[in-house]
Amino acid sequence: MSGRDLFCQPRRRRRGAALTLVFTSVLVAGAATGSLPGPGREPRPDTARPAAPAAHHGDVTRAAEEAMADGKSPVEAARRAVSRSGDRWAAVYSEGEYEEFEETLDGQYTGVGLWARLERDGRIEVTKVKPGSPAADAGLRAGDRLRSVDGHRVDGRPVTEVVSLLRGDATDAVAGSTVRLGLERGTRAWTETLRRARLTTDSVSVRRLPGGVTVIKVAAFTKGAGAQVRTAVRRAPAGTGVVLDLRGNSGGLVTEAVTAASAFLDGGLVATYDVDGAQRALHADPGGDTARPLVALVDGGTMSAAELLTGALQDRGRAVVVGSRTFGKGSVQMPRRLPDGSVAELTVGHYRTPSGRGVDGRGITPDLEADRQALARAATVLGGLGAAE
């Protein structure tokens, strides 16, 4: 995903209103979504790098309105407009899809337990499989290529559409319903039928290595993940270090990523971003643990909000970053309601780390390259920083 990511302004969620910033990514077992901008937003002109190529909300809205007037599908018309724009990260959701996706940020979803992303060549590749999920039980694993869902070819499709097929949105599929996947692994091609299940994201897990080093694994920044990171840091044994494992983390709520940053920083800048040229900033809360040795562990599946957090810790000199170059998803998407209630999210800008580095298309280069046994390397680095082993 790459997966779908979203960085947006104040949202209206279902019948209640909640203000938040979102940097979301798609879990193909269930997608993370964002929020709708509040009324009256008036971005000012600026010299920030524009998001290009990108669709314009006005063009997409007009396409949807014209389709409605002609008795055609506004969602399909909006998707065609987005496709013509060349905006790689844009997406259009039906109203039902958008509500389903929002549920994932609350930590629950109906799906099969796959995370996937759209590769540059149009392939849909599995990036992670949830332990104990239907996909895991069937033996699927990261690196597998998803070719079809219930007979529908998925190569080149937006990940949002793949998510919809996997969820069975068109038929309001529920837990227990089946979905047939066409898969490839190397030269092997096969078909697997799975039963959808009600799953939880289990975004944060904590374990301790010999010697007391605490490993905090954050799979995605779903609701409450930031607070879980802060709790894990407070509970870590005194005098020991922390490995913040962000490998395979494809995004989530940016407010949760900022909360996680606040566990290690005493206030200060986390990131800047632009929305249609209007410059904004995100800041950590004061009072974080700034003394405990810290290593951030990343890889090519570290995306979006996870990259934002990594860049902040690296630029602020708070963590040594170990692993491989991150994915490079640093563009900003803004969602907006279309006339029929569907949602279009289009690229409107980019974010930067505290030092002003752009991440989009570049990723974050670790301080220490490590592929195999990256966790062991991280623990060794902690020893050099003064953490107990």
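A residue is called buried here when its relative accessible area is under 20%, exposed when that area is over 50%, and partly exposed in between, as judged with a 1.4 Å probe on protein chains only. By that rule Gln373 is exposed, with a relative accessible area of 67%. The model is a predicted one, in which local features need pLDDT of at least 70 and side-chain atom pairs count only at pLDDT 80 or more, while totals for chains, interfaces and linings use all residues. Residues are numbered from 1 along each chain as its sequence is written, and side-chain values use heavy atoms, with hydrogens and water left out.

Gln373 is found in the loop between strand E25 (368-369) and helix H9 (374-385), where helices (H or I, at least four residues) and strands (E, at least two) are DSSP runs numbered from the N terminus. Although Gln373 is not a glycine, its phi is positive, at about 55 degrees. A positive phi, near 50 degrees, is also found at Asp150, which sits in the loop between strand E11 (145-149) and strand E12 (152-153) and, at 33% relative accessibility, counts as partly exposed.

The largest pocket has a volume of about 480 Å³. On a 1 Å grid over the protein atoms alone, a pocket is an open set of points where a 1.4 Å probe fits, with protein on both sides within 12 Å along at least five of seven lines, and lining residues have an atom within 4 Å of a point; points are joined across faces, edges and corners, and the volume is the space filled by probe spheres set on them. Of the 26 residues that line this pocket, Glu97, Ser164, Gly168, Asp169 and Ala170 are the closest to its centre. Helix H2 (74-85), helix H3 (95-105) and helix H5 (159-167) each supply at least two lining residues, and the largest share, five residues, comes from H5. By class, the lining has six nonpolar, nine polar and 11 charged residues, where Ala, Val, Leu, Ile, Met, Phe, Trp, Tyr, Cys and Pro count as nonpolar, Asp, Glu, Lys and Arg as charged, and the others, Gly among them, as polar.

Arg79 belongs to helix H2 and is buried, with a relative accessible area of 15%. Leaving aside residues up to four places away in sequence, Arg79 touches Val92, Tyr93, Ser94, Glu97 and Glu161, a contact being heavy atoms within 4.5 Å.

The structure holds two aromatic pairs, for which rings of Phe, Tyr and Trp (its six-membered ring) must have centres within 6.5 Å, with planes under 30 degrees apart counted as stacked, over 60 as edge-to-face and the rest as tilted. Trp89 and Phe327 form an edge-to-face pair, 6.2 Å centre to centre with 75 degrees between the planes. Because Trp89 lies in the loop between H2 and strand E7 (91-93) and Phe327 in the loop between strand E22 (320-323) and strand E23 (331-337), the pair ties together parts that are 238 residues apart in sequence. Both Trp89 and Phe327 are buried. Tyr93 and Tyr98 also pair edge-to-face, at 5.9 Å centre to centre and 65 degrees between the planes; Tyr93 is buried at 0% relative accessible area and Tyr98 at 1%.

Lys329 lies over the face of Trp89, at 5.0 Å from the ring centre, and Arg188 over that of Trp190, at 3.9 Å; the criterion is NZ of Lys or CZ of Arg within 6 Å of the ring centre and within 35 degrees of the ring normal.
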